[in-house]
Amino acid sequence: MTHAQFLRQRPRRVRRTEALRGLVRETTLTTQDLIWPIFLRDGEDVVEPIVSMPGVNRLSLDNAVKAAEQARDLGIPALCLFPYTDPALKTQNCEEAWNPANLSNRAIRAIKEAVPEVAVMTDVALDPYNINGHDGIVRDGEIVNDESVAALVKMALEQAKAGADILGPSDMMDGRIAAMRDALEDAGHTHVTIMSYAAKYASGFYGPFRDAVGASGALKGDKKTYQMDPANSDEAMRMIARDLDEGADMVMVKPGMAYLDICRRVQDTFEVPTFAYQVSGEYAMIEAAAQNGWINGEAVMMESLLAFKRAGCNGILTYFAPRAAAILNAA
Ligand code: PBG
């Protein structure tokens, strides 16, 4: 028979039953892979829906603590905090960013006191506090690097003092990781980790997030002079190498789904803890299509998260975290 050779190989044999598929499965997703980003706002007992992110809400501190309890109960190891800042607190110099009693720092303290076993990650960038909506300080229309780094260091130190476990510099200024690491060491915060947004691209996928933190109205222009060009991959390797050299403990690629090639390359090249951020626009696209009945939202959610693991990520920042964890726990 001419096809005998071909029939020795029937890859479908191991796909025949769930037991066999389980045996040959290369990648798994667990609740421990998830970091849950939440949005904060002032007030009490507030759960304020974010229109462009159906199912995601801005939470007052009492409800943020409840989210941390939920994370603990679901087996999610970490929360990441993003404050919606009162427009009246936004200034040219972004002073609210290093106010020890700003919303984000109060939330860190409240969560660490109530649920110390859940790791708290922060965002280190000036955009929620900046009258211009930029991640760095703007002088004469330019996002100035070194003055921004000095401000970011002050911000990072206050977050460390409040009890943050993971600092997440998302600002893409040059030299910020080294400056933060040195300042943390000097101040005795030797155990505080840094997850650098090392390869962060200037992306259209951040749109809904800017609504969520109230930065879209403020933002003038775009972020292309500091965030990376989506066309570049070699440059991402240089950014990762630099941030590791400057003292980052973990690195991140952002956005996620359109940048899985970068994730794979980072893991293969550096073999360091690598994370991806499945950002607001990715979440919104899946939710919108699901709400229209065009895709099976739950299936696509789980498939998208597994894809990050397959691409080499150790974990994923995702707004789906609690829903995905509930499904994983039920399985
Ligand atoms: C700001 C910041 C952004 C996100 C996280 N931190 C937006 C931006 O860079 O404009 C995006 C997260 C998301 O879209 O879900 N420093």
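So, the crossing of helix 5 and helix 6: it's right-handed. Keep in mind that this is a predicted model.

Who makes that contact? On the helix 5 side you've got Val149, Leu152, Val153, Ala156, Leu157 and Ala160. Facing them from helix 6 are Arg176, Ala179, Met180, Ala183 and Leu184. Sort those residues by class and you get 10 nonpolar, no polar and 1 charged.

Now the geometry. In general, you describe two packed helices by the angle between their axes and the distance between the axes. For this pair, helix 5 covers residues 145–162 and helix 6 covers residues 176–186. Their axes come within 9 Å and cross at roughly 45 degrees. That's why we call helix 5 oblique to helix 6.

Okay, on to the other partner of helix 5, which is helix 4, residues 103–114. How do these two pack? The angle is about 25 degrees, and the axes sit 8 Å apart. Angles under 35 degrees count as roughly parallel, so helix 4 and helix 5 are roughly parallel to each other. The crossing here is right-handed.

And which residues meet there? From helix 4, it's Asn105, Ile108 and Arg109. From helix 5, it's Glu158, Gln159 and Ala162. By class, that contact splits into 2 nonpolar, 2 polar and 2 charged residues.

Key:
Residues numbered from 1 in each chain as written. Predicted model: local features only at pLDDT ≥ 70, side-chain atom pairs only at ≥ 80, totals over all residues. Axes fitted to C-alpha atoms, helices over the stretch in contact; angles between N-to-C directions. Helix = DSSP H or I, 4+ residues; strand = E, 2+ residues; numbered from the N terminus. Parallel < 35°, antiparallel > 145°, perpendicular 65-115°, else oblique. Left-handed = near helix turned anticlockwise from the far one by under 90°. Contact = placed C-beta atoms within 7 Å. Nonpolar A, V, L, I, M, F, W, Y, C, P; charged D, E, K, R; others polar.
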